[in-house]
Amino acid sequence: MPALAFSVDAAMAALSPPSGYTAWDSSLPAPEIFSGVPQPTNTVPVPVPDDVDVSPLAHWTPAHSNALYKVDGWGAPYFSVNSSGNVTVRPHGARTMDHQEIDLLKVVKKASDSKSNSGLDLQFPLIVRFPDVLKDRLECLQSAFNYAVKSQNYTSHYQGVYPVKCNQDRFLVEDIVRFGSSFRFGLEAGSKPELLLAMSCLCKGSSESLLICNGFKDADYISLALIARKLSLNTVIVLEQEEELDSVIDISIKLGVRPVVGVRAKLRTKHSGHFGSTSGEKGKFGLTTTQILRVVKKLYQCGMLDCFQLLHFHIGSQIPSTSLLADGVGEAAQIYCELVRLGASMKVIDIGGGLGIDYDGSKSANSDVSVGYTLDEYAMAVVQTVKFVCDRNSVKHPVICSESGRALVSHHSVLIFEAVSSSRYTVPAMSSFDIHNFIEQLPEDAHSDYNNMSDSAIRGDYEACLAYADQLKQRCVEKFKDGSLDMEQLAATDGLCDLVAKEIGESNPVTTYHVNISVFTSIPDFWGIEQVFPILPIHRLDERPTKRGVLSDLTCDSDGKIDKFIGEESSLPLHELEGEIGMKYYLGMFLGGAYQEALGGLHNLFGGPSVVRVSQSDGPFGFAVTRAVPGPSCSDVLRSMQHEPEIMFQTLKHRIEEYVHDEGNMGGAMITGGIAQSFHNMPYLTVGSSCCLTAANGNNGYYYCSDEDFNGEADAVGGDDEPWSYVCA
């Protein structure tokens, strides 16, 4: 522990007490001056890798920030920091040319600027989607398996499916079907609404694309899946429970459809990490070997054993290592071969999800937020294992299918939000007089705590000093509770103890940054399962960050904050806010394209963010906004909880007419218009805006908006065929 710059007693000895005031009780130890210790500063040291020069004389560069926030670790090949200190997106991954990089700050400016300044006038928080990144992820996955198949002389092929539960956004799902059509990429559905959207989207895909039907199934679900087969969609009903087979057989006979059936096997192989709770013999889904044998027998008895064509399994998300992967794939491949031996017409082995991504850039197999393999190594491990087991059993190589959701869509979107203000507890200044006055009024037992604290400080035993300071504070709290200590004395106790901690170097230097977001709505996995995501400023990365901060959201819940970051850090290096209320400091959360939007609810009725789709365009440093959608309004989120905004407004309008009386009724009209506008506004903060209590035009003061107002298509959005191009200089 660093030496104490001065003891409490020594500090007071160095100051001249008021005349006539006895400075020290003679029973207290004589003060001792500590010298040679630098005074505390207002800035916080920011750790960076050892090979980066961060000495006070070193000029801070974007390369320092790149290393500090580990951008190359978790972001490559899609994210980097440019020479201006802004985060850039490399939309085509490793194939991106320098002039094709997209400056994220310029996208944010285009989205948030007013329409009079050629912007889209969207409010924060904001999701920026990059379909080019999605396309590259899809092609990389396919290429990795294609290479493994070719290099291992595997005699079948790979064709994946996207589990739409990861993100059901219409345009994302349509993009996947469109981008993946040439290599038969399909979809996986786990509920009736997901099945309906998958059926609709795959009508425009390849006829060979798989439609995998997972999840618990009732008669309606099974009927839909069989109708999909009747519509020539390549549909496979995967049995999650043994009793589902009876419904499949009965309904298929009634509809006159020959089903294709698979089973989900409950493997012995178990993923022990955080995301492996659904794996192993006690997992939520799947059939045991005994149950699978009964399925085979029943299908044989019904003359439908040829319908049994797929084996599915899943050992958990974020599989940490290829050794665990190979173990599970090997067990499943052996079951597949046994099913062939029993007479099933097996064609496909579906290895489920589990292809992980590196959230923290550590490339570690011992972390829930990282993985110890590359995409190529993952594909090679799968192909080699399936081939080895099938060759050993003289079984024809099956089509390999995977349900990689997280690895496909996590990188394609970035959540942008503002830090609107910051606050940090500062140790109150205490003069010599303040401290002496405080000591004089201490109860006798508390006075003893003070003496022990002072003695420890003079001896340099700072651990004991802090312990006695805490004991003093607790004793004074008890005295306050029983009425023997007043509020001023309690505040003085806090001030003195905080002063001691500050001088010893144990005070908390972390600043709270208030951010315009709801953690529950936009980052539910952080709140629910403590999943960490890369978060960093998207600009000012050519400046040295001088603070360490935690992020506090707009909600009224104490756990609506982000205080865990990649690298097992409890705070984040940040910059001093500029402007009167900290305007225009943008933070980005990356790798959140999977699950966060689907899981986010309406906590505190905040609703979702605004969304823009951005594609790389021809020309130097160009991008095109192909779609822009404002976030839901207060009316939208209220309506989702069964409230009726129109009736609510009429109620409030009548109240205004009853209670607001002034000449010409202008005051009432302005209040009415302001409330009307409030129903139309997004629930999040409008930073730097003027008061919304201005009269709305028409409709008796109530602001009604059309569908065109909300989908943004009037300006930017007709779709990919009519982009609003923005070429950056």
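## A tour of two sheets

Start by selecting Arg 613 in β20: this residue is the bridge partner of Arg 129. Strands here are DSSP runs of E, at least two residues long, numbered from the N terminus. The model is predicted: local features need pLDDT of at least 70, side-chain atom pairs count only at pLDDT 80 or more, and totals for chains, interfaces and linings use all residues. Residues are numbered from 1 along each chain as its sequence is written, and side-chain values use heavy atoms, with hydrogens and water left out.

Now select residues 126-129. This is strand β4, and 4 bridges join β4 to β20 in parallel. Two strands pair if DSSP finds at least two bridges between them. Strands of a sheet pair through backbone hydrogen bonds, either parallel or antiparallel.

Next, select 622-629. This is β21, which pairs with β20 in the antiparallel sense over 6 bridges. Find Val 612: Ala 628 in β21 stands opposite.

Select β20 itself, residues 610-616.

Move on to the open sheet. It has 8 strands in the order β5-β6-β7-β8-β9-β10-β11-β12, with parallel pairing. Select 161-163 and 399-401: these are the edge strands β5 and β12, each pairing on one side only.

Last, select 234-239 and 261-264. These are β8 and β9, paired in the parallel sense over 3 bridges. Val 238 stands opposite Gly 262 in β9.
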